[in-house]
Amino acid sequence: MKIIVPMAGRGSRLRPHTLTVPKPLIPVAGKSIVHRLVEDIAKILKEPIEEVAFILGDPAFFGDDLVASLEELAGSLGAKASIYRQDLPLGTGHAIMCAKESLSGPAVIAYADTLIRADFELDPSADAVIWVKQVDQPEAFGVVKLNTNNEIIELVEKPKEFVSDLAVIGIYYFKEVGDLKKELQGVLDNNIQNGGEYQINDGIKAMMANGKVFKTGSVDEWMDCGNKDVTVETNSRMLGFLHNDGEHLVDYDVKLENSTIIPPCYIGENVVLKNTTVGPNVSIGKGCHVTDSTISNSLIQTYSQIKNAQLDNAMIGNHVVYDGKFSSVSIGDYSVLE
């Protein structure tokens, strides 16, 4: 089994955090989005992973440190890491074809801006599976249309009239991913574009037209990481799941001085909390110092210094110095203070 992970986009909706860090490396509950996604998929599949192929963007942004962390991730699963580059933002289908040397055999394709909680078995009668989640507002999503055999016969993007309430979440299984490769090559060769981009859906539709059977797979939880608010919400939900699973989330080296941690919280190594209440639903990365503050429902990355703060629904990056009693400020592009 292979896992193919397109992650070339820079994540403009999550600025300013993605100006310096690719969105898939933003931490959720103490671990990057892409690490959580790949590990969870590997756990769900319950079979050996032989290769994880990552499609990255500009090497100047998706650099050597990122490559090293992805190679380590694949290695932790006993898999080979393959690194490909998408030089131009030409769509999901184009991104997948940048990894065409790896497109053979059974594979899962997963976009690195979403997290899931699920437990399922692959349907052996299906040529492919598209994972979906039932939603309240299907008109805001791409959805699948099913026939009487519960096979997918159509993909509909943001339907104005009701088609179904099963939204496509961006995770796909192909019994033979070479079939998708063949159809996507036709999409590229015939310059079939939507919105100026080559889309995976056009390859999937061609597979359906050629008689391939697509089934749905359902997930228990689907968590987006598209913008700040939903990423903070996803962090809170993931903390709750991990806490209920009994996972130890507070590092043993955390230094507490007249401070309280209200679970669930993730607190990284070498964090110092002084005269502070943290939680619930807070992640604080390694090396942070927090003083005279109250923080809830928030995500703070690494090596930041926070004091005199009353924070709720906050997302703070790396190496930030924040004083809630500020009188002098230095704030970069795309920053938001509310």
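1. Let's start with a term: a nonpolar core is a set of buried Ala, Val, Leu, Ile, Met, Phe, Trp, Tyr and Cys residues joined through side-chain atoms within 4.5 Å. Buried here means under 20% relative accessible area, exposed means over 50%, and partly exposed is in between (1.4 Å probe, protein chains only). The largest nonpolar core has 51 residues, and Val-5, Met-7, Val-52, Phe-54 and Ile-171 have the most contacts inside it. Helix α1 (residues 33-45) gives this core its largest share, 8 residues. Apart from it there is another core, of 33 residues, with Ala-99, Ile-109, Tyr-172 and Ile-200 among them.

2. Some ground rules before going on. This is a predicted model, where local features need pLDDT of at least 70 and side-chain atom pairs count only at pLDDT 80 or more, while totals for chains, interfaces and linings use all residues. Residues are numbered from 1 along each chain as its sequence is written, and side-chain values use heavy atoms, with hydrogens and water left out. Helices (H or I, at least four residues) and strands (E, at least two) are DSSP runs, numbered from the N terminus.

3. Have a look at Val-52 (contact means heavy atoms within 4.5 Å). Not counting residues up to four places away in sequence, Val-52 touches Ile-3, Val-5, Val-38, Ala-74, Leu-77, Ala-79, Lys-80, Ala-81 and Ser-82.

4. On to helix α1, where His-35 is found. At 17% relative accessibility His-35 counts as buried, and beyond its neighbours within four places in sequence, His-35 is in contact with Ser-69 and Leu-73.

5. Grid points are joined across faces, edges and corners, and a volume is the space filled by probe spheres set on the points. The whole structure has 1 cavity of 30 Å³ or more, and the largest cavity holds about 50 Å³. Its lining is made of Ile-41, Ile-44, Leu-45, Val-108, Ile-116, Phe-120, Trp-131 and Ile-171, with the largest share, 3 residues, coming from α1.

6. Helix α5 (residues 200-209) has Ile-200, Asp-202, Gly-203, Ile-204, Met-207 and Met-208 as its buried residues. Their cover includes α3 (92-97), β8 (128-134), β10 (152-157), β11 (166-174), α4 (177-189) and β12 (214-218). Just after α5, Gly-211 takes a positive phi of about 90°.

7. Now the charged pairs. A salt bridge is a side-chain nitrogen of Lys or Arg within 4 Å of a carboxyl oxygen of Asp or Glu, and by this rule there are 7. One of them joins Arg-117 and Asp-245 (2.7 Å, N to O). Arg-117 lies in strand β7 (residues 114-117) and Asp-245 in the loop between α6 and β14 (255-257), so this pair ties together parts that are 128 residues apart in sequence.

8. Lys-215 forms a salt bridge with Asp-123, with the closest N and O atoms 3.2 Å apart. Lys-215 is in strand β12 and Asp-123 in the loop between β7 and β8, so parts 92 residues apart in sequence are tied together. Lys-215 counts as buried at 15% relative accessibility, whereas Asp-123 is partly exposed at 27%.

9. Last stop, helix α6 (residues 228-244), which holds Ser-236. Ser-236 is buried, with a relative accessible area of 15%, and leaving aside its neighbours within four places in sequence, Ser-236 is in contact with Asn-281 and Asn-297.

Terms used:
1 Å grid on protein atoms, 1.4 Å probe; cavity = no way out; pocket = protein on both sides within 12 Å on 5 of 7 lines; lining within 4 Å.
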